[in-house]
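Subject: Structure for you to look at

Hello,

Here is the structure I said I would pass on. My notes on it follow below.

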Amino acid sequence: MEVLIVRHAIAVEHGALAPGQPDEARPLTEEGRRRFRRVVRGLLRLDLRVDRCLHSPWTRAVETADLLRPVIDGESVCEPLLAGAPGDELIASLRGRRPALVGHEPWMSEMLALLVFGDAEAADGFGFKKGGVAWLEGEAKPGGMRLLAFMPPGVLRRL
Amino acid sequence: MIPVEPWLQHLRTHIPVAERGEDPEGVHQIRVATRRLDVWLELRGMRVLRDDLAWVRRRSGLVRDLDVLLLREIPPTFSTWLQQRRHSARTALVRALGERRLAGLLEALSLLAPVDEEQARGAIRALLGRIRRLDEALEQTPDEIEALHRVRRALRRLRYAREWLGGKTRIFAELQETFGAVGDLSVALRLAQACPSKRPLAPYRKTLLAELETARVAALARWREVKRRLLRGR
């Protein structure tokens with residue numbers, strides 16, 4: 001199995017939200033949308049299509065998953081476990097040939113570290129940029145995958 | 001601005017009703033709410049979350065179809081088979097209603113900003129265009145029931161879209177009743193064809209086919225009467 005781990009695109013700052021709106025409701029900025037569309041074009045050029053997309057229920061991840069639609073050949077699934085620290089249950093939800101996960105930091109780095117090193121705490125200093133993508137291959141279990149590429153958004157936009 | 005809240009709340013309210021299973025209206029209202037929320041997402045120009053809504057709708061839809069059919073006068077062997085299917089469909093629905101995917105969907109919908117009315121009007125124009133194209137296809141093959149179903153489903157979406165914008169939809173509701181008979185009879189026929197008791201059900205299937213043909217002709221005639229008025233572009 002291959003897995004794409006995607007950090008959500010650039011969202012508005014918390015202070016820009018209407019009073020009473022929770023942090024979870026932060027949408028993407030216009031610039032964030034524009035840039036992430038180019039990231040998606042880069043994924044298409046690499047033919048990195050996915051057969052399932054799991055995304056967090058928070059708005060910035062939902063909107064990022066929506067922009068990702070051109071590379072999604074199967075269904076999208078709202079997965080609340082992506083709005084929290086990763087664990088066995090989230091790993092068990094990885095099915096298909098190449099699913100994508102769209103979520104938040106620090107949890108996306110922790111998921112990457114968990115799948116590659118078997119230890120979520122090894123994620124320190126990964127520097128997973130907004131709109132960045134990690135590409136993994138192997139068995140969906142802690143320490144069962146190897147990292148094929150860790151692609152900053154700027155690189156994908158230039159492809 | 002068009003907030004999601006009224007129909008999201010409607011969905012939330014009917015989930016426990018459907019789980020308890022005492023009132024079939026709970027399941028019916030889940031299907032109605034998920035259809036309307038799906039249209040709200042289309043007005044917003046979003047594709048994700050619609051798969052999650054479709055997942056809930058498939059599970060509630062099967063139970064609802066069986067509930068409706070079991071209210072009809074049907075042969076006993078068919079009724080027994082339908083009740084068994086309803087039992088397993090209901091088990092699958094109750095399981096789905098307890099899954100974290102549904103909790104995530106409700107949370108995600110509750111966080112989304114209201115739809116801009118101008119954007120919604122643009123989506124309605126696109127829907128009108130889709131119905132015009134489906135109508136052209138229907139007129140090329142007027143005897144094909146699938147072509148009629150496609151128009152029926154698209155019209156329902158247009159009705160819901162207009163209702164999100166506070167528009168009047170009396171004629172749509174009336175038309176949906178006429179089309180609804182075609183939908184119900186098609187479901188009944190599909191299930192009767194799937195039922196393992198082939199020979200005892202042959203006369204019933206024949207009756208259903210005749211009723212479906214009558215309903216199809218009536219729906220097509222009514223559609224031809226009103227379509228010009230309904231498809232006026234705005």
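**What was found**

A:E79 and B:R100 form a salt bridge, with their closest N and O atoms 2.7 Å apart; the term requires a side-chain nitrogen of Lys or Arg within 4 Å of a carboxyl oxygen of Asp or Glu. This is a predicted model, in which local features need pLDDT of at least 70 and side-chain atom pairs count only at pLDDT 80 or more, while totals for chains, interfaces and linings use all residues. Residues are numbered from 1 along each chain as its sequence is written, chains are lettered from A and ligands numbered from 1 in the order in which they are written, and side-chain values use heavy atoms, with hydrogens and water left out.

**Interface of chains A and B**

Between chain A and chain B the count is five salt bridges. The interface also has 10 residue pairs in polar contact, both residues being at pLDDT 80 or more (N or O atoms within 3.5 Å, one able to donate a hydrogen and the other to accept it; residues adjacent in sequence count only if both atoms are side-chain atoms). On the side of chain A that touches chain B, α2 (59–67) and β3 each supply at least two residues. By class, that side of chain A has 10 nonpolar, five polar and seven charged residues (Asp, Glu, Lys and Arg count as charged; Ala, Val, Leu, Ile, Met, Phe, Trp, Tyr, Cys and Pro as nonpolar; the others, Gly among them, as polar).

In total, 22 residues of chain A are in contact with 16 residues of chain B (heavy atoms within 4.5 Å). About 1,500 Å² is buried between the two chains, and carbon and sulfur atoms give 54% of this area (accessible area lost on being put together, 1.4 Å probe, summed over both parts).

**Sheet of chain A**

Six strands of chain A make an open sheet with mixed pairing, in the order β3-β2-β4-β1-β5-β6 (strands are DSSP E runs of at least two residues, helices H or I runs of at least four, numbered from the N terminus; pairing takes at least two DSSP bridges). β3 (72–78) and β6 (145–151) of chain A each have a single partner strand, so one side of each lacks a neighbour in the sheet. Strands β5 (residues 133–138) and β6 of chain A run antiparallel and are joined by six bridges. In this pair, A:V133 stands opposite A:M151 of β6(A).

**Salt bridges overall**

Over all chains, the whole structure has 40 salt bridges. One of them joins the side chains of A:R34 and A:E31 (2.8 Å, N to O). A:R34 and A:E31 are three residues apart in helix α1 (residues 30–45) of chain A, so about one helical turn separates them.

Regards
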